[in-house]
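Subject: Structure handover

Hello,

Here is the structure I said I would pass on. My notes on it follow below.

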Amino acid sequence: GTSYDSVRDLVVQGKVCLLDVHPQYLPLLCNGTLRPHVIFMESATEERMKELRQVNPAELPQYQRKLHGSEIRELRFNSERLLRRYTEYVDTIITVESLTSAADLIDQVVERITNHPSWMPRKWV
């Protein structure tokens, strides 16, 4: 795994880290030292997943290609539950409709936060 100290060292050097973390660690990461910009990758709705499968199934993330009916509803339910639980830590929400669009949106967010000023909580200063 990636250690907190190694991420902190990279941030101090002015580098940007793109991490995939378990939501339970967000309170630890959201502090004045790391100043993360949290992107929540939200599941598409059941209807949208069905549409996407018909148009271009190869564009869906692999795990979504194999899901059906109740599994799709459960994925969406869990996505919504996680967002409700950790919403205070989330800065940007991206709905994953295709791998290409999700990657493009992540690139746009990274470009925006690295090249444009943004606010931060007073307790971080």
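Glu80 and Arg76 form a salt bridge, with their closest N and O atoms 3.1 Å apart; the term stands for a side-chain nitrogen of Lys or Arg within 4 Å of a carboxyl oxygen of Asp or Glu. The two residues are 4 apart in helix H5, so about one helical turn separates them. Glu80 counts as partly exposed because its relative accessibility is 33%, while Arg76 counts as buried at 17%. Here buried means under 20% relative accessible area, exposed over 50%, and partly exposed in between (1.4 Å probe, protein chains only).

Before the rest, a note on the source. This is a predicted model, in which local features need pLDDT of at least 70 and side-chain atom pairs count only at pLDDT 80 or more, while totals for chains, interfaces and linings use all residues. Residues are numbered from 1 along each chain as its sequence is written, and side-chain values use heavy atoms, with hydrogens and water left out.

Arg76 also meets Glu42 in a salt bridge (3.9 Å, N to O). Glu42 lies in strand S1 (residues 39-43) and Arg76 in helix H5 (residues 70-86), so this pair ties together parts that are 34 residues apart in sequence. Glu42 is buried, at a relative accessible area of 15%.

The whole structure has 4 salt bridges. Another of them joins the side chains of Arg8 and Asp5 (2.8 Å, N to O). Those residues are 3 apart in helix H1, which puts about one helical turn between them. Arg8 is partly exposed at 27%, and so is Asp5 at 40%.

On the overall fold, the chain has 6 helices and 2 strands, in the order α-α-β-α-α-α-β-α from the N terminus. Helices (H or I, at least four residues) and strands (E, at least two) are DSSP runs, numbered from the N terminus. Of the 125 residues, 29% count as buried.

The largest nonpolar core has 8 residues: Leu26, Cys30, Val38, Phe40, Leu83, Tyr86, Tyr89 and Val90. Such a core is a set of buried Ala, Val, Leu, Ile, Met, Phe, Trp, Tyr and Cys residues joined through side-chain atoms within 4.5 Å. Leaving aside residues up to four places away in sequence, Val90 touches Val38, Phe40 and Leu83; contact means heavy atoms within 4.5 Å.

How many disulfides does the structure hold? There are 0, counting pairs of cysteine sulfur atoms within 2.5 Å. Cys30 is buried at 15%, whereas Cys17 is partly exposed at 27%.

Regards
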